Amino acid sequence: LCIRDSPYTRALIASIPGGGLDLPPADTLISGEPPSPVDPPTGCRFRTRCPRASARCADEEPRIRRVGEDHWLACHHPTDSP
């Protein structure tokens, strides 16, 4: 399994019981408040909880891009650069 995912996706994977990916517990990967579905933040919707969030994340919504066969990503700061 190649993990070229956003920190948010890594935390989602880590929250699966018995995931077997040798990731730290999900609650250590994500902190902060979840984004409001009624009034989402500008830019990246997950920036309020992302440890890699930058000013670019607040200003610009990341575009979905292909990073592998059947693997798409929407993050300005993925864990692995394609």
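Strands here are DSSP runs of E with at least two residues, helices are runs of H or I with at least four, and both are numbered from the N terminus. What you have open is a predicted model, in which local features need pLDDT of at least 70 and side-chain atom pairs count only at pLDDT 80 or more, while totals for chains, interfaces and linings use all residues. Residues are numbered from 1 along each chain as its sequence is written, and side-chain values use heavy atoms, with hydrogens and water left out.

**The hairpin**

Now widen the selection to both strands. S1 and S2 run antiparallel, joined by three bridges; two strands pair if DSSP finds at least two bridges between them. Together they make a hairpin with two residues between the strands.

Click on Asp 70 next, in the loop between S1 (65–68) and S2. Its phi is near 55°, a positive value in a residue other than glycine. Most residues other than glycine have a negative phi. Asp 70 is exposed, with a relative accessible area of 69%. For these labels, exposed means over 50% relative accessible area, buried under 20%, and partly exposed in between, using a 1.4 Å probe and protein chains only.

**Around His 76**

Move on to His 76, in the segment after S2 (71–73). Is His 76 buried or exposed? At 13% relative accessibility, His 76 counts as buried. Show its surroundings: leaving out residues up to four places away in sequence, His 76 touches Arg 56, Cys 57, Glu 60, Glu 61 and Pro 62, where contact means heavy atoms within 4.5 Å.

Two of these are worth a distance label. The side chains of His 76 and Arg 56 are joined by a polar contact of 3.3 Å. A polar atom of the His 76 side chain also lies 2.7 Å from the backbone oxygen of Glu 60. A polar contact is a pair of N or O atoms within 3.5 Å; within protein, one must be able to donate a hydrogen and the other to accept it, and residues adjacent in sequence count only if both atoms are side-chain atoms.

Keep Arg 56 and Glu 60 selected. How many salt bridges does the structure hold? There is one, and it is here: the side chains of Glu 60 and Arg 56 meet at 3.4 Å, N to O. The term covers a side-chain nitrogen of Lys or Arg within 4 Å of a carboxyl oxygen of Asp or Glu. Glu 60 is partly exposed at 36% relative accessible area, and Arg 56 is partly exposed too, at 42%.

**Helix H3 and the cysteines**

Select Asp 59, in helix H3 (residues 55–59). Asp 59 is exposed, at 69% relative accessible area.

Next, the cysteines. The structure holds zero disulfides, a disulfide being a pair of cysteine sulfur atoms within 2.5 Å. Cys 50 is in none, and its nearest cysteine sulfur, that of Cys 75, is 5.8 Å away. Cys 75 counts as buried, at 11% relative accessibility.

**Last stop: confidence**

Color by pLDDT, the predictor's confidence in each residue, from 0 to 100. The protein averages 77, and 72% of the residues score at least 70. Among the elements, H3 has the highest mean pLDDT (95) and helix H2 (residues 26–29) the lowest (64). Where pLDDT is low, the predicted coordinates should not be read in detail.
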